[in-house]
Amino acid sequence: MILAVLFANAEGNILIKRFHGVPAEERLHWRSFLVKLGADNLKGVKNEELLVACHKSVYIVYTILGDVSIYVVGKDAYDELALSEVIFTITSAVKDVCGKPPTERRFLDKYGRICLCLDEIVWKGYLENTEKDRIKRLIRLKPPTEF
Amino acid sequence: MAQPLVKKDDDRDDEADYSPFMGIEKGAVLQEARVFNDPQLDARRCSQVITKLLYLLNQGETFTKVEATEVFFSVTKLFQSRDLGLRRMVYLIIKELSPSADEVIIVTSSLMKDMNSKTDMYRANAIRVLCRITDGTLLTQIERYLKQAIVDKNPVVASAALVSGIHLLQTNPEIVKRWSNEVQEAVQSRAALVQFHALALLHQIRQNDRLAVSKLVTSLTRGSVRSPLAQCLLIRYTSQVIRESGNTTQSGDRPFYDFLESCLRHKSEMVIFEAAKAITDLNGVTSRELTPAITVLQLFLSSSKPVLRFAAVRTLNKVAMTHPMAVTNCNIDMESLISDQNRSIATLAITTLLKTGNESSVDRLMKQITNFMSDIADEFKIVVVEAIRSLCLKFPLKYRSLMNFLSNILREEGGFDYKKAIVDSIVILIRDIPDAKESGLLHLCEFIEDCEFTYLSTQILHFLGIEGPKTVDPSKYIRYIYNRVHLENATVRASAVSTLAKFGASVDGLKPRIFVLLRRCLFDSDDEVRDRATLYLNTLGGDIEIDNDVSDFLFGSLDIPLVNLETSLKKYEPSDKAFDINLVPREVKSQPLAEKKAPGKKPTGLGAPPSGPPSTVDSYERQLLSIPEFANFGKLFKSSAPVELTEAETEYAVNVVKHIFDTHVVFQYTCTNTIPEQLLEDVIVIVDASEAEEFSQVISKPLRSLPYDSPGQTFVAFEKPEGLPTTGKFSNILKFIVKEVDPTSGEAEDDGVEDEYQLEDLEVVAADYILKVGVSNFRNAWESMDPDSERVDEYGLGQRGEGLSEAVNTVINILGMQPCEGTEAVPPNSRSHTCLLSGVFIGGVKVLVRLSFGIDSTKDVAMKLAVRSDDVNVSDAIHEIVASG
């Protein structure tokens, strides 16, 4: 299960959050935990370099892309390697939508598109699509090219 | 003058410092949402408003019921637009708004229409939305379409239906299980993602049918799986099948091992890792099976990708717990990870190294860790401290450098949990390594001089009170303790007073001086401190006559589990009858089996109640001596760990502890009644000793009453030949009178029925007569023993499929002695191994054993056994035990 996908800006404000199977009362705790994790470790990290941590049986893979930090949390089948696949798909899609690693402004300009991409990639805790070209078509309601 | 032409730059966002959502306000957006109702829809504008709604939702904004309903109704009007981009947004916002059941009806017909649309993408999205918002009744209506969608030619439609199936299986399993055939067909799909989703769903549908899962795995491991993700799933399901089948083929190979091993050569790292992890997780994995997996994990250790390094070191860390020697080859790679930027990786590397390191590498390792400790967070430090504690217990000779390390980090900055972990570790080392006691106590004394945590100060003072008086020079601790009386808060001062009193009670020579100090405490500003000082002065000074019980209570260590004492005190109602501490049960309620098996339970540090039944000979001895029938049995030699005689979750839970005396054996049966509606009386265990001829039963002590969920004990004692390691097998039947209990009043009926309950058999084995007592330096101990007492012989142990380590463990278990210097661990693929054991034989005779093993190509194991002991007869006895084992 992919428990959470979170986008935050440089100040640690949440831009997009998606939780699946995390009780409402724990979400705030997870938010602050992840943001702190990023604040402690993401300084000076290159774009898309993956960082990883685990907390009990839950894995966290996170990275920075332009002004935006991205966190993916998973458990069971979604271990660190599966999550790195998820985050790779997310970063590729975001780059595709924004044209390059985004500034916060650009990210917000493309907010709707990014939400759609995320909707195609993770669906209620499961990975659904992995290829950016396909996702690009799907968010425009175009069938995939291989079909 | 003409203005220079400024080029309009698309990428001005780099400098723009305002957000498109700046000043966004819910009320305004809801106003804007009225554009959804326009007869002439502006698709672009509508999309922008939906984006704003999404942003608000993501910022944690909530809509009232009325607001949400209004927006939802307006959104449904957007189905009229033919703009694709807008339609896609509509699907998303409907899911985000998660409408209530009565609202869903409004949108259902539009979605049903889309689900039958010729446009594939409408179909896919409509399925996803419908499945998200639907309930069971609607599901039966659309089931037909979903089944068709699963085998749709368009992979997006098929995936949408399959992933919906995965979600719906949680809420409507009966319906989804009917799609089995379609899902089976989708597993064969040529689209990689469809296969992945279909495989996940099919497995979930069939997960309770072992045979079906096994067939699925068999067919797929032979065929081709298209995506790495699906391959990972297959590996997981395969390991599940291996775990459940549990047997090996006739050739001795594990079924599907070849498949796992072949996955180690897959081109995707994810698959390679999954296979390596699956292999390391195999039950009873052999060194031969482990080697290829360890090799790929070792390669990952030097990967440029942190995720791979992390995954590899995490897995190796786990392997190191069970097969430390298998991981030693990776030590050099792991050492370079100590400086890894990712602290999680560095910590895992260090703790793995601490598990796999040998005695000679300890000092080097400690040096590396010292540099590392300053720049990691407390939670990582705690992990390292716990690993160091285990290492020290493994290599007691190295206690000096490890203890120094602990005391150094104790002086540095850190939070409570971290400091507590260090203090707990020092306490455990003091308890388990006698040589470490003096230096450990002094480290603790120095720590409380400057300790900001009241809890830790009081715990250490309490511990000093127990251990300090037993040292060679107890007086040197007094200064540290008395300083607390001057410099600390009231809680710590009161603790210090109690500790001083304990020194006074245990060390006669110190008594007069302790009196002087205690008298000074009579002028303390705090009541509790003055009260304690007064109490101790009077009791120690002999002004008040006290009996042994009181003295034990004041100055002895309290051997009653605190939880039990607390429960009893709560139950006690004020009356003429005084509270009797002897009536407090000594037995710790046994945990449910699941909890007991929970891994990673760390030994508790000071002050904490023991986590199981009292395991030390001391407390057992006190308990047995309090029973008059056993008073003349002499000194208790050894008590075994509790042996369960019933399976988990049965009506009555019974375990037994074997107590060995010189001429007697006492079985202490702890019984728990798990049925609230029953009261058991006159509970006794009938023991049949026909397979233990040299034992004759002398006493059987029944338990008068066994109410629900309150463990009680019954004892049976046997006489046996003096000083000999007599063995035998005993069968047990629990016999009792059962009375029904009225659940409302809690009263038992007067009449009961006699009943009995078959328990498992119990054996007294040779290992019960040997105490596990380690020596800190085996070679010195061996050489200091009389060479004439040495007895050497050779034994053939036959073929051992699992290799040397199995043989070594078997012999250790037969003898029940303490392995020394980590020699119980056998390096993988070794052809020979030496294992050193030490112990004390019944009668208090020291024994040392040197076992040399060799294995040939046919896995035939030979062993040379050399024994030295204080008594030649004991050396012979050890040989007899091995020969008959």
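Which residues line the second largest cavity? Figure 1 gives the answer. This is a predicted model, in which local features need pLDDT of at least 70, side-chain atom pairs count only at pLDDT 80 or more, and totals for chains, interfaces and linings use all residues. Residues are numbered from 1 along each chain as its sequence is written, chains are lettered from A and ligands numbered from 1 in the order written, and side-chain values use heavy atoms, with hydrogens and water left out.

**Figure 1. The second largest cavity is lined by residues of chain B.** The lining consists of B:Ser407, B:Leu410, B:Arg411, B:His443, B:Glu446 and B:Phe447. Helix H23 (399-411) and helix H25 (437-449) of chain B each give two or more residues to this lining. Helices (H or I, at least four residues) and strands (E, at least two) are DSSP runs, numbered from the N terminus. The volume is about 50 Å³. By class, the lining has two nonpolar, two polar and two charged residues. Ala, Val, Leu, Ile, Met, Phe, Trp, Tyr, Cys and Pro count as nonpolar, Asp, Glu, Lys and Arg as charged, and the others, Gly among them, as polar.

**Figure 2. The largest cavity is lined by residues of chains A and B.** The whole structure holds three cavities of 30 Å³ or more. The largest has a volume of about 70 Å³. On a 1 Å grid over the protein atoms alone, a cavity is a set of points where a 1.4 Å probe fits but cannot get out; a pocket is an open set with protein on both sides within 12 Å along at least five of seven lines; lining residues have an atom within 4 Å of a point. Grid points are joined across faces, edges and corners, and a volume is the space filled by probe spheres set on the points. Helix H6 (120-133) of chain B gives the most to the lining, four residues. Helix H5 (132-138) of chain A and helix H8 (155-171) of chain B each supply at least two. The lining includes A:Glu120, A:Arg134, B:Met121 and B:Arg128.

**Figure 3. The second largest pocket is lined by 27 residues.** Its space is about 800 Å³. A:Lys17, A:Phe19, A:Arg27, B:Glu96 and B:Arg132 lie nearest the centre. The lining has 11 nonpolar, six polar and 10 charged residues.

**Figure 4. Chain B meets chain A.** The contact (heavy atoms within 4.5 Å) takes 59 residues from chain B and 49 from chain A. About 4,800 Å² is buried, 60% of it from carbon and sulfur atoms. Buried area is the accessible area (1.4 Å probe) that two parts lose on being put together, summed over both. In chain B, B:Asn58, B:Arg88 and B:Val307 lose the most area to chain A, together 14% of what that side buries.

**Figure 5. Helix H21 of chain B packs on H23(B).** The axes of H21(B) (residues 362-373) and H23(B) are 10 Å apart, at an angle of about 10 degrees. The two helices are therefore roughly parallel, a term for angles under 35 degrees. Axes are lines fitted to C-alpha atoms, for helices over the stretch in contact, and angles run from 0 to 180 degrees between N-to-C directions. Contact residues include B:Met366 and B:Ile369 of H21(B) and B:Leu402 and B:Phe405 of H23(B). By class, seven are nonpolar, two polar and one charged.

Methods: Angles under 35 degrees count as roughly parallel, over 145 as roughly antiparallel, 65 to 115 as roughly perpendicular and the rest as oblique.
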